[in-house]
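Let's walk through this structure together, one chain and one contact at a time. Please keep the sequence and the 3D view open as you read.

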Amino acid sequence: MSRIIVVSNLQKHFRVFKHRRGMGGAFRNLFSRQYKVVRAVDGVSFQIRPGELVGYLGPNGAGKSTTLKMLTGLLVPSGGELWVNDRVPWRERQAHVATIGAVFGQRTTLWWDLPVIESLDLLQYIYKIPPHRFRRNMAEFRKMLELDPFLDTPVRSLSLGQRMRADLCAALLHDPILLFLDEPTIGLDVVAKERIRQFIRHVNRERGTTVILTTHDLSDVEKLCERVMIIDQGRLLFDGALDTLRERFGGKRALVVDFAQEYDDVTVADAQVIERDGRRAVYQFEQEVLTASELIGRLSARYRIRDLSVREPDIEATVRRIYEERLLEG
Amino acid sequence: MRLFWELVKLSFQRQLTYRAATLAGLATNFFFGLLRASVLIALYGARREVEGISLDGVITYTALSQATLAYLSMFWWYDVMNSVYSGDVASDLLKPMNYFVFWLAQDLGRALASLLTRGLTIMIAYAVFVGITMPQGGGQWLALGVVLALSWLVSFAWRFLVNLASFWTPNAQGVGRFAFVLSWSLSGFLMPLRFFPAWFVRLAYLTPFPYTVNAVVEVYLGVLTGPGLLRLLLGQLLWALALIGAGQLALRAGMRRLVIQGG
Amino acid sequence: MRFALDVYRRLLAVQIRAQLQYPVAFALDLGGTALILIVEFGSLALILQRFEGIGGWSLVEVAFLYGMVEMAFNTMDMLFSGFDPPVFGRLVRQGQFDQLLLRPLGITLQVLGSRCETRRLGRVVQGGLIFMLAVGLVDVRWTLLKLVYLPVVFASVVSFFGGLFIIGSTITFWTVESIEAINVLTYGGHEMMTFPMTIYNDWLRRFFTFIVPAIFLNYYPALYFLDKPDPFNLPPFAPFLAPLAGGGILAAALAFWRFGIRHYASTGS
């Protein structure tokens, strides 16, 4: 098949009832309800080919989760067309759901009181996974996700990182052709994040699983996705390669430097000092003009540095920038 | 001291905000009250009076037991347990206040609010639709006030004690359920205790439960006066002290053993 | 179909295993619930003895009603625990209902398998014992038809209360506020059915005849089983309406449930 997901002018509207205040309002509420229409998804169109690893970004309330819910079959669209794997998700729920895997950052797909391994056994049964495939997948995931230390632990006792790894294993056990990840690295430390990202990359490359990833963390996107879609207020603002996004909207980044001693003057070419506090200085620089490593090189050639960190531009800033600079046509 | 009354006030106000739940609860109370009244009327049959309680009195009883039920929260109180399981207990124990008194204050607020929103309302609804009897004379009203206060104290001390089981086991709800529903029959909630055979009543009075719902009922209906009344009030006081004492001991032991479960 | 039953069995096994993690508490719960029933029925028996029956029914005859209802209601409570309205309401509000939608299994099946209050088993057994005792002690001719009809009535009562549970749970898709009011129908109906219908006043009885047909589930079959005359002069087939009443409520409940799921799918949580 040439397209695994086809979305055409997808719409989702919600009716939000307005709450009238006070006693009089409460009475009037009984007889007639005032509501306003919220267009969570307002005419979104895109197509995804098998094997792609796509980042789906947007600020809070942009319509990401709503789109994801429609793709997974949890929500029925208000308008437009939506095909996943040649099926309409919400119309053939059980058949559709058997071919996808989903991991939600906030909630687990496993049974709360059971040891992880028992949840996985139950899933094997529910998804009708043949024993040899189950064994093979388990062996692979146990090694890659390092599940052995907590396979016998009940899910409720797991740390966030452990739970995420268990959820990933659970989502892929039945060899789905499509994997939806909703904020998979949220709340994790840097090491854990990297481990999860490696796993996702492996799954996409070695198994050809198409991956749709929503996240707030731009580093997730930079490390994993070739293609990026940005949604805001229900509309798709950008759909293209990550490089394109970076080139056209990269914008300013910040470098936080802690010097080893007090310096009076900490200027450096092509970067602006936007904050100064004792031994700490924050530099702002344009991606197109100067890369982070170049800036660090210049700084360390002139000053003694104790510590530094790069402040990533977050997705909100990028989206804001896209709006403000009206860099998108149409 | 100020902290105590602050807590009472807060809890009182919080209870008043549960409007929807209160309405649902009232509807339930009214229905069950009438259901039990039907049963009692049928039981009475041709009799006008049983063990000193007239037919009108026993109908009033069904309203009273529903009203007292809400006021005392006799059979459904897991607040302490829940705070232990959620981990809130850690910050509660750090407060500059005796843990028992801390909960006492909150329950007092809740009880007073429930007395108004559930207790009084039920009685008024009954008075309007069904007709009830009332206590006669200032003495009875005074006695009613005292017995209401003491029955609350007994009930709270008991509920607190039961909830302390959560300091020992992560599954104290089972203990709670068992303990609370057991007190059901013995508190005179379903039937006035007087209707039971003498040996049953003697057995019941070995427990604190008759000193809650049944005590309020008997004083209100005026079937208990003079020395009998004084014995009842004394019994309430003694049981309250005994349960509070047991609670303090259990609390001390429990705090040593406390296993705080998070999340 | 076989697969569905198998999954259901496994889901239940999961629940029971989780409960058995605390064997002492579980045993206490099981024994405790049974003991409570003894205390409750014991109190009722003492009262009925003192008052010499109620509404013209003797203690044994009331025990017949009581035992049947307790057995059936608690069996329902065990099997339909997943549909206990406050519990299901929490499931929806906490977003766990979405998890059910993401599995390649029927929704109803998953909800049924999501919870099993095994401690109710104590009450089922005790209710059964009380019922058996009443059956043994009552002075009545037992025909083959009666014996065959008994389990039908039992199933009808289970269906009836199960239907009420499902209706209550469906309502939580819209609102969780004051869902406890449904207790009037479930626990209220349960308590009401343990006594002969003759003791209730007219509008209460009409409500439980025409709006919520509880009267056909327990009282009328009992009139038939115990060879008692009909004080309301309904047609002679009235005692046999139990499966219609129970099945009808369950069918209506399931239709409403499907409607509720469709509504949830178009509005989200």
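Two residues are in contact if their C-beta atoms, placed from the backbone, lie within 7 Å. With that in hand, turn to where chain C meets chain A: 16 residues of chain C are in contact with 22 residues of chain A. What you are viewing is a predicted model, in which local features need pLDDT of at least 70 and side-chain atom pairs count only at pLDDT 80 or more, while totals for chains, interfaces and linings use all residues. Residues are numbered from 1 along each chain as its sequence is written, and chains are lettered from A and ligands numbered from 1 in the order in which they are written.

Helices (H or I, at least four residues) and strands (E, at least two residues) are DSSP runs, numbered from the N terminus. On the side of chain C that touches chain A, the elements giving two or more residues are helix H1 (2-19), helix H5 (96-101) and helix H12 (242-267) of chain C. H1(C) gives the most to this side, with four residues. For residue classes, Ala, Val, Leu, Ile, Met, Phe, Trp, Tyr, Cys and Pro count as nonpolar, Asp, Glu, Lys and Arg as charged, and the others, Gly among them, as polar. Sorted this way, the side of chain C that touches chain A has eight nonpolar, five polar and three charged residues.

Now look at the other contact of chain C. Here 28 residues from chain C meet 29 residues from chain B. Of the two pairs of chains in contact, chains B and C share the most contacts. Chains A and B, by comparison, are joined by no contact, and their closest C-alpha atoms lie 8 Å apart.

Next, step inside chain A, which has 11 helices and 13 strands. Strands count as paired if DSSP finds at least two bridges between them. One open sheet has three strands in the order E2-E1-E4 (chain A), with antiparallel pairing. Strand E2 (35-48) and strand E4 (79-84) of chain A stand at the edges with a single partner strand each, so one side of each is left without a neighbour in the sheet. Strand E1 (residues 5-17) of chain A pairs with E2(A) over 11 bridges in the antiparallel sense; across this pairing, Val6(A) stands opposite Gln47(A) in E2(A).

Another open sheet of chain A has six strands in the order E5-E6-E7-E3-E8-E9, with mixed pairing. Its edge strands are strand E5 (100-104) and strand E9 (235-241) of chain A, each pairing on one side only. Strand E8 (residues 227-232) of chain A and E9(A) form an antiparallel pair over six bridges, where Met229(A) stands opposite Asp239(A) in E9(A).

To finish, consider chain A as a whole. Among its contacts between residues at least 6 apart in sequence, 72% join residues at least 24 apart. A residue is buried if 20 or more other C-beta atoms, placed from the backbone, lie within 10 Å of its own. Such buried residues make up 35% of the 330 residues in chain A.

Definitions and conventions:
Buried ≥ 20, exposed ≤ 12 C-beta atoms within 10 Å, placed from the backbone.
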